[in-house]
2 protein chains.
Amino acid sequence: MSASSNWFTEQHVSSGSAIGYRITGKLAEEQTPFQHIEIYATTDWGNLMVIDGCTMLTTRDNFLYHEMMTHPVLYTHAAPKNIAIIGGGDCGTLREVLKHPEVESVVQIDIDERVTRLAEKYFPELCESNADPRAQLLFDDGIKYMADAAPASLDVVIVDSTDPVGPAEGLFNAKFYASCFRALRAGGILIQQSESPLVLLDLIKSMHKEMRGVGFAATRTLPFPQPCYPTGWWSCTMARKGAPFDGFREHDAANKPFATRYYNAGIHRGALAEPEFMRAALGT
Amino acid sequence: MSASSNWFTEQHVSSGSAIGYRITGKLAEEQTPFQHIEIYATTDWGNLMVIDGCTMLTTRDNFLYHEMMTHPVLYTHAAPKNIAIIGGGDCGTLREVLKHPEVESVVQIDIDERVTRLAEKYFPELCESNADPRAQLLFDDGIKYMADAAPASLDVVIVDSTDPVGPAEGLFNAKFYASCFRALRAGGILIQQSESPLVLLDLIKSMHKEMRGVGFAATRTLPFPQPCYPTGWWSCTMARKGAPFDGFREHDAANKPFATRYYNAGIHRGALAEPEFMRAALGT
């Protein structure tokens, strides 16, 4: 990581690649009990949030990630009413979930309240639905929350976390997946951000294996573009309880009662088409 | 552009973003009559070719670009027999085109022979079909070649060029498109790399307008991931002579007689689904 000569660049050591943005200044910097947070102003990408040296989001391109972490899973579930978001402190995922009128409750559990407070200040558009009466914001340990959740109480669990190191490490293993499985109703879906399909395919393979190992009936990885993350290509992985995947509510997606910038029914179908190298690696 | 501390980083000034690779050394550097070419060895991405400071390709991720510049257009055309590639000096596009058994001839016209000679040495896998009897490699001005091409002599023209500045500037305007239009048979298709859909949507809009302006009946932009190019998200734009697009040869694509790493029939369908912001901007 370096922030010199008016560029902030994240050097992603494990893949030997780097992504950077031209910045005009640092807007905030905090060491919280959990992590180091920086906010920069950029010339072309709006504001930029960095946690522990890793780019989390920019104003300009976060719509890709937030729409793909929410609308595919919500249009895959037959009737998503009760949702939990683990992580997601910038509230962009929460905002997208609340666009679905059939959703009755969303609880967001992020361990670090400072992420949300900084998002309210520097990414206010992502927080515009935080006062929705269906939303509850908790600042707590998401792993413990899911371990304690009432059985069969949720329709969808969205894991919108940082990379599988540090605070988020415990979100990528069988013990956590078993908690999610128990908390979901039959037909319920767990969806988790699953890193770059090009450089972290081994992690994705292991997620599929662990998710199926705790009882999920089917798993599926959807790739999507995300310029600010390593390789600019990202993915989310879904696991369904009780039954295999059987398409999605295409008619509802094609007639969605809200605006998006990336997602539509065609994009959803497209994201379900796995590249050849993923099919070969995942055996799908 | 900087190549210090063992990282080569391309700073893309017009979008305020940068992409870099960790390098182990410089393998070649040449000033040709047309451009400045560098080849680096990287830790994780194989070899890296840079022209005039811009990343052209890496060993690891060029399959995405080369497959998407060829298989969608060839499976859209009913019977592609005679093909021209403008640019494409690394020969990766040529290799993919020659995988199609129905192709009878491919002429590749790149202005700079040194790109091909360096590709033969540092990207030999891309040049493995250069001796195919159906292939002809010319080192000449692609704009002049298309202006002089016999009318109605080609089925597909693939414009695999650098950015629309410098040597490639003349490949992004009505005059060049008119040459392509005249050289194509009825039903023929022009396909051109069309930069990042996120940051160069205005260029894409103008390409659609200019292509239709010279007589093409329909135009279509297909986005795809390409980690080494600015924003990691790229696109190609197709224009068809004589008739609107009417799907593609899905059965043939699903039964392709060759291996790919990204492309398949599902990926092709997915690439035809335009994101909401593109539909809004392009009026499609």
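Colleague: What percentage of the 284 residues of chain A count as buried?

Modeller: This is a predicted model, in which local features need pLDDT of at least 70 and side-chain atom pairs count only at pLDDT 80 or more, while totals for chains, interfaces and linings use all residues. Residues are numbered from 1 along each chain as its sequence is written, and chains are lettered from A and ligands numbered from 1 in the order in which they are written. A residue is buried if 20 or more other C-beta atoms, placed from the backbone, lie within 10 Å of its own, exposed if 12 or fewer do, and partly exposed in between. By this criterion, the buried share of the 284 residues of chain A is 56%.

Colleague: What radius of gyration does chain A have?

Modeller: The C-alpha atoms of chain A fill a box of roughly 55 × 45 × 35 Å along the principal axes. The radius of gyration is taken over C-alpha atoms, and the globule rule is 2.2 Å times the number of residues to the power 0.38. For 284 residues a compact globule would come near 19 Å, with which the value for chain A agrees: 18 Å.

Colleague: How far apart do the C-alpha centres of domain 1 and domain 2 of chain A lie?

Modeller: The domain bounds come from an automatic or database domain assignment. Domain 1 of chain A covers 2-58 and domain 2 covers 62-282. Their C-alpha centres are separated by 24 Å.

Colleague: Which element gives the most to the side of domain 1 of chain A that touches domain 2 of chain A?

Modeller: Two residues are in contact if their C-beta atoms, placed from the backbone, lie within 7 Å, and 20 residues of domain 1 of chain A are in contact with 18 residues of domain 2 of chain A. Helices (H or I, at least four residues) and strands (E, at least two) are DSSP runs numbered from the N terminus; β3 (17-31), β4 (36-42), β5 (47-51) and β6 (54-58) of chain A each give two or more residues to this side of domain 1. By class, this side has 10 nonpolar residues (Ala, Val, Leu, Ile, Met, Phe, Trp, Tyr, Cys and Pro), 2 charged (Asp, Glu, Lys and Arg) and 8 polar (the others, Gly among them). With 5 residues, the element that gives the most is β3(A).

Colleague: Which residue in the turn between β5(A) and β6(A) has a positive phi?

Modeller: Two strands pair if DSSP finds at least two bridges between them; β5(A) runs antiparallel to β4(A), with 5 bridges, and antiparallel to β6(A), with 4 bridges. In the hairpin of β4(A) and β5(A), 4 residues lie between the strands, and A:Gly46 has a positive phi of about 70°. The hairpin of β5(A) and β6(A) has 2 residues between its strands, and the residue with a positive phi of about 50° is A:Asp52.

Colleague: Which strands stand at the edges of the open sheet of 7 strands in chain A?

Modeller: The order of the sheet is β9-β8-β7-β10-β11-β13-β12, with mixed pairing. Each edge strand has a single partner strand, so one side of it is left without a neighbour in the sheet; these strands are β9 (135-139) and β12 (218-225).

Colleague: What angle does helix α6 (residues 174-183) of chain A make with β11(A)?

Modeller: Axes are lines fitted to C-alpha atoms, for helices over the stretch in contact, and angles run from 0 to 180 degrees between N-to-C directions. The buried residues of α6(A) include A:Phe176, A:Tyr177 and A:Phe181, and their cover includes α5 (142-148), β10, β11 and α7 (201-213) of chain A. The helix packs on the sheet, touching β10 (154-160) and β11 (184-193), and its direction makes with that of β11(A) an angle of about 145°.

Colleague: Which residue is the bridge partner of A:Ile19 in β3(B)?

Modeller: In the contact between the chains, 36 residues of chain A meet 36 residues of chain B. To the side of chain A that touches chain B, β3(A) gives the most, with 6 residues. There, 5 bridges join β3(A) to β3 (residues 17-31) of chain B in antiparallel fashion. The bridge partner of A:Ile19 is B:Ile19.
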